[in-house]
Structures are given as C-alpha cells and as structure tokens.
Amino acid sequence: MRENWLAKTSVAKPVTATMILCAIVAVGGLAYNRIPVQLLPGGYSVPFLFVRIPYRDGTPREVEKYVTRPAEEALATVANVETMSSRSGANETRIWIGFTNGTDMDVAYSEVRDRMDRAMGEFPDDVERYSVFKYNPNSEAIMEIAISYPEDEEDLTRLERKLSREIERIPGVAKLEFEGLVDESIRIEVDRDKARAHGINLYRLVQRLRTEDFTMGAGTLEEGGKDRALRSVAMLNGAEDVAALPVGPGLKLGDVADVHPALSWRDVISRIDGKPAITLEIYKESEGNTVETCAAVRHAVEQEFPADPELRDVRFFVLHDSGTMITESIDTLKHSALQGAFFSLVIVFVFLLRFRLSLIINLAIPAAFLITLIAMYFTGDTLNLVSLMGLTLAIGMLVDNSVVVSENIDRLRAEGLPPARAAVQGASEVSLAVTLSTLTTVVVFLPLALMSGEGMMQFFMGRLAIPVCVSLLASLFVSLALVPAASAFLAGRRTPRTLPPVRWAAAAAAAITGWCLRHRLETALAAAALLASAWWPYDRLEKSMEPKEQSNNVEIFFRFSSTGGLSDVNRNMKMLEAAVDAHRAELQVANVRTRFRETFGRMTLYLDKRKRTDEERKKLSERVRAILPVLAGVEPSASWRGGEGKGGEVQVQLTGEDSEVLADLSEEVKRRLKALPGVEDVKTDLESGNDEIRVRVRRDRAARAGIDSWVASGTVSTALRGSRLPDLRVGDREVPLILQFPAGDRENLTQLGAIALYPPGATSPVPLSTVADFEFAKGLAGINHENRKTSMGVTVVASGSDTMGLSNALRAELDRFSFPRGYGYDMGSWSRRWRREEGDYGFSMAMSVVFVFLLMGILFESWVLPFSVLGSIPFSFAGVYWFLWLTHTTLDLMGMIGIVVLVGVVVNNAIVLVDRILHLRAGGMDRLAACREATRSRFRPIWITALTTIVGLVPMAFGESGIAGVPYAPLARTVMGGLLAATVMTLFIVPVMYTVFDDLREMVARLAARVAGRR
C-alpha cells in the first residue's frame, strides 16, 4: 500500500504540522477581523428594470391610451427585452421590463432612459417626469427610518436640512433619500365667474402660460469691435410676476385668479402610530462597513437626536437595519456552529469513548472555517448572508473526513500497531475514500451553480457554493495533514474500546447484510416497495414556488374604490388604525405604520421582539383581519400586486385585444376556478374598480358649436385635475407652477356641466353640458398589459401553501376552457421564470449524478463500482419526502436545493463502504465475507459521519432562524431526512448492488473472452 505523503510528513515532522496550525489560526483571525461584511454578495445586476410614469388624476383608460401605449412602443425597441408587463392605474403607469440573462444592465438602463426621453414628446403636457429603477443588492438602502413630526409642523424643509446635515457627517453614509416631503409650489386658482365675465378661454390661457417663462438665444451682435452673444430673457421670478401677466386688454392674471404660494399636491400620506411621518432611506459608501455605519446611525438616532432642541418633538422609528440583520445572522452562525460542534463531539465520544481523540476530530470545524475565511479574504470576497448560509450548511460535514481517518487509525491501534505507524497507515488506507467522498460533494455544487444559466440562482448558488467547497476541501486537508500527527502524539496511549451496543449493532448489520446477499431478489423487491412508498408523502406534500419568508411584521394591503378622493381614504385609514390601536396589547404590536394614496394603501404592524412560531404569526395575522372593521369601498388584500406563488396567491392574466370581452371572460373563468379544490377565493380586476363619471363629448354637437373635442377634454382636465406648468426659478430652487379651479368650483356635476368652452373667434362661452353627456360607470382599477397585449387579472387565493399544485390545477382547467380566437391566458413572467428555474433544477440534478459518476470512475478506475455507489441516492429521496411530510414542511426552493446537495452527501458513506470491500478482497477475502466484514468494520465510521452531519443541522432544521427573513429549515430537514434514510439503506443495499454489478462485470468479461476465443 502506498503511503499518503501528507499523513507521512505530518507524523514525521510534528513541529511543522504545529506551525501550520498556528499559521492558520493567526492568518484566519486576521482575515476574520478584516473581511468586509455586507448584506448580500456584490457583482450581480438583476435583469429587470421598473419604470414609473405619474399622470395625476388620470383614469386607467386615459393612462393606458396616452401614457402606457406610447411608452411600450418606445421601450419595445430596447435590446434583449424578454418580457414587458404594465399596469395602467389611476394617476400612474408602472412598467416592468425583464431582460434575457447576461444582459449588461448598465447599457439596458441607458437605453431605457433614452427611449423614455424620446417618448416624452408623445405624452400629455402634464406628464413632466418619469422614474427608472434598477435593482442592485448593494445599492439598496442599508437603513429605513420613519420620522414622525407634530401635525402643526409646516416647515418640513427645515427638518430635511437638519437631518441631512447631521446624518451625512456620519462616516460611511453616502446619501439620504426622503419620502413624504411636500414641496412648495405656486398655485393659480382661476375664479370661474370672473374668467367667464372677461371671456377668458381656460384652454388657451394654459397654452399661453407654457410659453411665458423662457430664455432664448438670438444669435450674436457686434458691439465695440467684439462679437457678443444676444439672448432674449422673459423670466418670471415668483407669484407677483405671475399675477402681473397680462391676459387681455387692461387685464392681468391676478384680476381673474388667485396666485399664491402653496404646498404642492400630496398624493401619498404616511403615518406612524397615528402621527404624520416621512421616511428616510440611508445609503452607504461603496467601501463602507454596513454594520459599523448602521450602528453609528442608530446611535445618533437613539442617543444624540433626542437631546437636540431642534428635534425635541420629532420621533424616530428604525424600520429596517441591515447591520442588525447581518449581526443576527452572524450570531446565528456562531450558535449553530457551537451547537453543531458540541453535538458532534458528543456523538464522536459516544462511539469512540476517547475524549482527546474526539477533540482532535472536532478540530476540523474551526480549522476549516479559518481556512475558508482566509481564502475568501484574499480573493476579495465578502462575509455576507449567502456565504454565511453556506458555512452553516457545511458545519455538520466538516468532521466527516476526520472521523473516517481517526476511526481507521483507532482500529489499527486496537489491532496492536504503534501510534505513529497506525497514524500513517490508517490515514493512507482511507485517503482515496475521503478524497473521493469530499470531491463528490464538491462537484455537486458545480451544476448547482449552473442553475438558471447566467441568472440570479446561478449567481447566488455560486456564492453559496464557494464557502461550502472551500471548507470541505479544508477539512480534507486537516484530516490528512493534521489529524494523523495529532492522533500519533496527542490521542493518548490507552487501548481503544467500543461500547457493547455499538459492537452488537455492527454485528447485527453484518448479519443482515449477509442475509440480503443470500436473498438478493427478495431484497430488491423490498427496496422497490420502499421507493414506491415515497409517492404517497410526495403527493401530499405542500409545494411552493419560493421560500416562505419569516417576518416579525403583519402586513395588510387595501384597495379603495370609494369616490371621496384622498380625504375619504384618509378618514377610512384613521378608522382602521383606531381599530388596531384599541387592541395593541392583545396583538403584541409595537408600532403601526400606514401609507396610502387614493386607490391603494398598506398597513404594517411591527410586532414586539418576542420569538414566535409560524403558527403564532398566522394566528396574529388572522386576528388582525378579524379586528378590522368592514368599510364601504375598502377591500383588504394579501398583496399589492399579484404574482404566481406570492403571498399564497396565484395570478392569471387573460390576454386579448378588447377589454370588454376580457371582462366577460374573467367572470366565466372566475366561476370555473372557484370550484377547484385548494381555492379559497377568486378576485378579478373588475371587482376593485372605482365608480366614475364619464364625460362623453358628442362630436356632432361639438362640431356645430365649433368646439374641438380635444379642446373640450383638455379644458375639463385643466379645470378639475389642474395643469402642471413649467417650473419657475425662484432664488436657488425650482418651484412647480399649477393652474386649476378652486376646490369650491369643482365639487359637483352642476359645476362640471357649467365649465365654459370657447369656439375659435367667439366671445361668448358654450357650457360643457351642451356638447357632452355625463354617464355613471364602473371603471377599472387598472388595465394590465402582458408583452403589449391587453390583459385582465384574475387573482386566485390559495387555501394553503401548495401554490405549485394550485398553479398546475389552474393551468389544467384553463387549458380545457375554449377561449375566443385571439384570446388566451398567461401565468405571468414570474411563472415563466420559475418554470425555467425548474428546468434548470432538473438539469442540475442530472448533472450532479453525472459528475459524481465520472469522478468515481476516474478515481476507482472502474465502470462498475460507480453504479453500485449511486444506488444509495434514490433511497435518500424517499427519506426526504417522508421526513418533510412527517414534520409538516413545505417543499420549497430551499428544500430543492437541499435535494441537489444530497446527491453529493449520501454517496460518501457508500464510497467508504465499497472502498473497504475492495481492500478486503485485495487482501484475499472472498466477496461475501468481504461485504459482511466491510459492513461490520465500517458501521462505526459510517454512523459517526452521518450522525455528526445530521445533529449539526438540528439548529438549522428546528430553529426559527433564517437568512434575511427566509428560513433555511426546509433545506436542513431535506438533508437530514435524506441522509438518515440513505445511511440505513447503504449498509444493506450497496453491498447487494455491488455484487450484482460485479456479477454483470464478470459475465461481460466471460462473454468478451468467449467472443475473442472464437476468433
């Protein structure tokens, strides 16, 4: 037998081994203190952009026609667009653009802004801005703070300047963004009666005011021998200049309108604990430390600001703190590592009954962690939530190699070999097995990192795989380079012994293996029955399309269909807040935050810090909904925008050209889907629409009066909604200029019908009621587009967590439905992305098996042995499904990742077993005896490695912790259940499969020899 050079060197040079360990501790400690800490790994740009275009007081149909469609036509020319969906609602349109994986998002962002700049010329005049949002995990705000202020506070600009000055001086803070501040404006409120008396044409007045404030280049003029630039200047410098504008002979604008400074339109209201509030988002510098920056800001908010006289009446509520989240995740890792290491120590001691040897084996955990931190630090990586998750996942597997090596050394010492000789020979005998078992786990992460091609899963799984792979390779190095030396010189001289129950269990396992080898057909049938039984729990498992997020908050969304405007919505929200406030102690609520606009609102209940189970959180959420009063025009909702698998809802989009036809189809689809099992409720976009008054201009009447229909609509829009004119430059700031009727002149239908329209050249007005009809109708809350096709949303609320099963049932039912020509359904971009991820998941699973097979073939130099080892994999799947069903765990994306990881983990014990069989047969033992003896002698290391991995995952599997609010219990439970089942079956099924494939190999060899002999 060839001696392993690492083991031989470490035993021959113990000082060198000690110095290596000291270097690992020193450099690892340095890396731990200096490695950057952040929330998520950098370097990935989500292939997704979001465009928001506000159009104040516009109806969904107006927004769709005049804003959404021109914007979509412009954006359709952007390169690499994969999907485009939009929602045209009251006051705004939102467009979501998905790009193909691998798209340079900086270039895409520039192209989208370019197309939007071109489209601005086609929008209505009062659309003066748009916003394009690009998601980058590390460009997100590290803190979000709600700031409540007294209701009589009017100068919010002072508060903004004060906070900006104080917070921006904190090291690490890059910029601040405020939400909820109301800017000042100059308001032109036209008196209806005065304007009519003086024959003021409101539409023409707006067109004229748009051109009054300007500067214009006028060429050059030679003066004094020099060419001088000539510029025409007609600037307005405040409300006085605007009021002095002439609008007729001897008539100024101030004669027919009240021109005064005022607050700009406030379309969003925010409160916390019933008091008005603004929101502050804090962004850090690119090189800043998230934890330190958040701690410094929190200290200022909680300690310094309350003592400041200027901020005496201001209260601060920290809503989101990335630094705290990172710190808690690191603490979770530490606790999991300590608990896992302790459990591993107990398991190893129970099997080996040697405390010092158990400590040596557990040396692999801190040593591997330190080596991993060194590698991450010097490669420029960061310590983030994803890498922490990888390290936590690896905890239970780090001692596996040391257990196998130490146990084999211990066995040889029990047979009488000297400690040094036993250390070298023991490590050398299993070096191939531990190397192969480590590499099989490592190569599994290669296809796992290839999930989604170049997409998000590929990026994050790659970042998760790096610490796992490095730590496993480090544990291999520790087991071969440090453990042999430690076993030779530190493990003591006492003769190893084993507990009688362990010896009895090993002997019983060997006997059962012998029976299975003598009854291979019966064993195969029993194994097949066990595999078939897995279908029963799998069919009953709840399956979700994304991890279920943990949250210490309760969030309720509202859609408003009342017609009282923002004041009516404000009154309703106060009633909802009062209902919750009356039960604060019962609901365990620390703070209540509300944010709302005319059509949509959100209430967030921040619960106190006590720990809660999923069931407790669910009961609290149900209790909140029961407490809320039923109000006319207020519809509670689970989410603000449907999405497949989101919040227990599945979103279906009916697509076609005519929204009226889609409305009829949605009612029939609703009836069909509501009858499906697992469906709690079905809602359509029609149900959340607002009542509206439609002004229908009669073209024949308008033509006889000499009125253009567009002029009529524009005049109504200006009078009631108001027109945003070009901003005025006042001092060092831009101030919005707004023109509309006073509130008292736009309250009822009579006033609407009396709006004056002026035909060209006429001096007497024509009332709007003479050229238009008014009709009451139910408007849409929003008009959706999927890839530029009109769509009608149907939201299906699931009664449980099995959104994947419900989604498949919906597809089956909709496929049976006969849609009219040109109409159909779409499950949305989220569904398409998930199906792609699902396909990539299957690909990664298949490739994991292939890579493990290829690796074993290379190291074993055999075609047959890899097949016998792979036989343990299917039994792990049976264990997964039964374990998840028994623990009432949903099979989500985290669980699926765990199944892929299992492929590399469960074959480790099979490799150790087959490797021992080969050694025994090479020593002259017959096949049946070698299989029995391998089962007996490898029983202890197989169960030690399996149990150390399983108990190392217990804190993850049954704790309440997670990564950024996403629990990793499904992943841990998947690995635990699969590994437990595979370990039991490995001892009995793998020897049987080994003999079957060995017989097949011999049969093929005899056949080949016979064919060769005939030649």
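How many aromatic pairs does a search of the whole structure find? I ran the search and got 14 aromatic pairs. Here rings of Phe, Tyr and Trp (its six-membered ring) pair if their centres lie within 6.5 Å.

**Ground rules.** I am working with a predicted model, where local features need pLDDT of at least 70, side-chain atom pairs count only at pLDDT 80 or more, and totals for chains, interfaces and linings use all residues. Residues are numbered from 1 along each chain as its sequence is written, and side-chain values use heavy atoms, with hydrogens and water left out.

**Entry 1: Phe50 and Phe133.** I looked up this pair next. The ring centres are 5.4 Å apart and the planes are at 25°, so the pair is stacked. (Planes under 30 degrees apart count as stacked, over 60 as edge-to-face and the rest as tilted.) Phe50 sits in strand β1 (residues 48-54) and Phe133 in strand β4 (residues 131-134), 83 residues apart. Strands are DSSP runs (E, at least two residues), numbered from the N terminus. Phe50 is buried, at 13% relative accessible area. Phe133 is partly exposed, at 42%. Buried means under 20%, exposed over 50%, partly exposed in between (1.4 Å probe, protein chains only). Ring pairs also join Phe50, Trp96 and Phe133 into a cluster.

**Entry 2: Phe305 and Phe316.** I found this pair tilted, with 5.4 Å centre to centre and 45° between the planes. Phe305 lies in the loop between α10 (290-304) and β15 (315-321), and Phe316 in strand β15, so the pair ties together parts eleven residues apart in sequence. Both Phe305 and Phe316 are buried.

Definitions and conventions. Helix = DSSP H or I, 4+ residues; strand = E, 2+ residues; numbered from the N terminus.
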